[in-house]
Amino acid sequence: MTTDTPARLLQLLSLLQTPREWPGGELAGRLGVSRRTVRRDIDRLRDLGYPVQATMGSDGGYRLVAGKAMPPLVLDDEEAVAIAVGLRAGAGHALEGVDEASVRALAKLEQVLPARLRHRVSTLQAATTPLTSGDGASIAPETLTVMASTVAGQERLRFAYRAKDGTESRRLTEPYRLVSTGRRWYLVAYDLDRQDWRTFRVDRVREPFATGARFTPRELPTGSAAEYLRRSIHGRPDARDYEYDVTFEAPAELVAARLPAWLGTPTPHHPHHPHDGDQNGGGNGDGNGNGEVRKEGCRLRGSTSDPVEWVAVRLAMLGYEFSVREPRELIDCVRELGGRLERAASAEGGNGGAGG
């Protein structure tokens, strides 16, 4: 019998978080108390914000249902270890869709994990090799959790940093946001020694240390950490947006599945093309008598500050035929890129010939 009320409430909550309906008599038996005590404990949980639904019947029953807010969860050892291992694996490789929120969750969980469970998590992670996409470097989860904690707590962060050319330095920063590109993690922060905003690749960070000194966040020049990172990566901190208009000879849903989210969402588009069926002795026209066929395609319109070279490469990598309507700079870039690739492919072909 559990006589301590807080301990009994936690035990009751752990039972209710199993997705099933619990008869009142079974809960009373599990807890070693009367059904009346179970009803009082259910009322206490409701007062704490846990949406417990009661059902009518000879024995009655209780079920934890979805509510308006997310109340604290009670995890057993196996559940806590499973969640921590999953979060570590995802966060350490900057998988697309595993963002700062996941790292914050990992930081909170590892903060309260007992030492014996932290050891189990580390052992499991060391014994497994995740199959990840991209060529991003692995990152120690502890590095991410320290950084996430300082971002959330508005606490100054000190760390050792290795630049692209191998130069080592010590940095004191006011961390603003962690940003995942799908391949790598970056920290957007205000560098106090250099008195300016900077981006840092997290896989080049060593010995991160939360100083305990609080700060009031400064206003980021671009307003968005993701936008600041994009401009920083392309070396254009003062870059301006330009609009683009592109059509694809493929359905919108297929293009959208391969298109980076930052480029926008394509919409269905059905351009008309002259039908060459007459030259070939007939064809499959659309029956409108004007000698044209409709092809299922889509159109992409948006704006970006990325260099046109980068946009041209991303469009070509989609694997679908496309045409650029504007801007002129992107049209010229695509034409130049196409010519360069064609010359590269024909260089080897010219050495061997067609044969025969």
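Helices (H or I, at least four residues) and strands (E, at least two) are DSSP runs, numbered from the N terminus. By this assignment the chain has 11 helices and 14 strands. This is a predicted model, in which local features need pLDDT of at least 70 and side-chain atom pairs count only at pLDDT 80 or more, whereas totals for chains, interfaces and linings use all residues. Residues are numbered from 1 along each chain as its sequence is written, and side-chain values use heavy atoms, with hydrogens and water left out.

**View 1. The whole chain and its confidence.** The mean pLDDT, which is the predictor's confidence in each residue from 0 to 100, is 78 for the chain, and 74% of the residues reach 70 or more. Over residues 274-289 the pLDDT is below 50, yet this stretch has 15 contacts in the model beyond near neighbours in sequence, a contact being heavy atoms within 4.5 Å. Of the 356 residues in the chain, 37% are buried, where buried means under 20% relative accessible area, exposed over 50%, and partly exposed in between (1.4 Å probe, protein chains only).

**View 2. Helix 2 and its buried face.** In helix 2, which spans residues 24-31, the buried residues are Gly 24, Leu 27, Ala 28 and Leu 31. Seen down the axis of helix 2, these buried residues fall within an arc of 100 degrees, so they line one face of the helix; the arc is that of the directions from the helix axis to the C-beta atoms. An α-helix has 3.6 residues a turn, so residues three or four places apart point the same way. The cover over the buried residues of helix 2 includes helix 1 (5-16), strand 1 (22-23), helix 3 (35-47) and strand 3 (61-64). Gly 32 follows helix 2 and has a positive phi, near 70 degrees.

**View 3. Thr 173 in strand 5.** Thr 173 is found in strand 5, residues 168-180, and is buried, with a relative accessible area of 0%. Leaving aside neighbours within four places in sequence, the residues in contact with Thr 173 are Arg 156, Leu 157, Phe 159, Ala 189, Tyr 190, Asp 191, Leu 192 and Phe 200.

**View 4. Glu 227 in helix 8.** Glu 227 is found in helix 8 and counts as buried, at 15% relative accessibility. Not counting residues up to four places away in sequence, Glu 227 touches Thr 222, Asp 241 and Ser 305.

**View 5. Glu 296 in a loop.** Glu 296 lies in the loop between strand 12 (292-294) and strand 13 (297-304), and is partly exposed, with a relative accessible area of 49%. Although Glu 296 and Phe 248 are 48 residues apart in sequence, they are 9.0 Å apart in space, C-alpha to C-alpha. Not counting residues up to four places away in sequence, Glu 296 touches Glu 249, Ala 250, Pro 251, Glu 253, His 269 and His 270.
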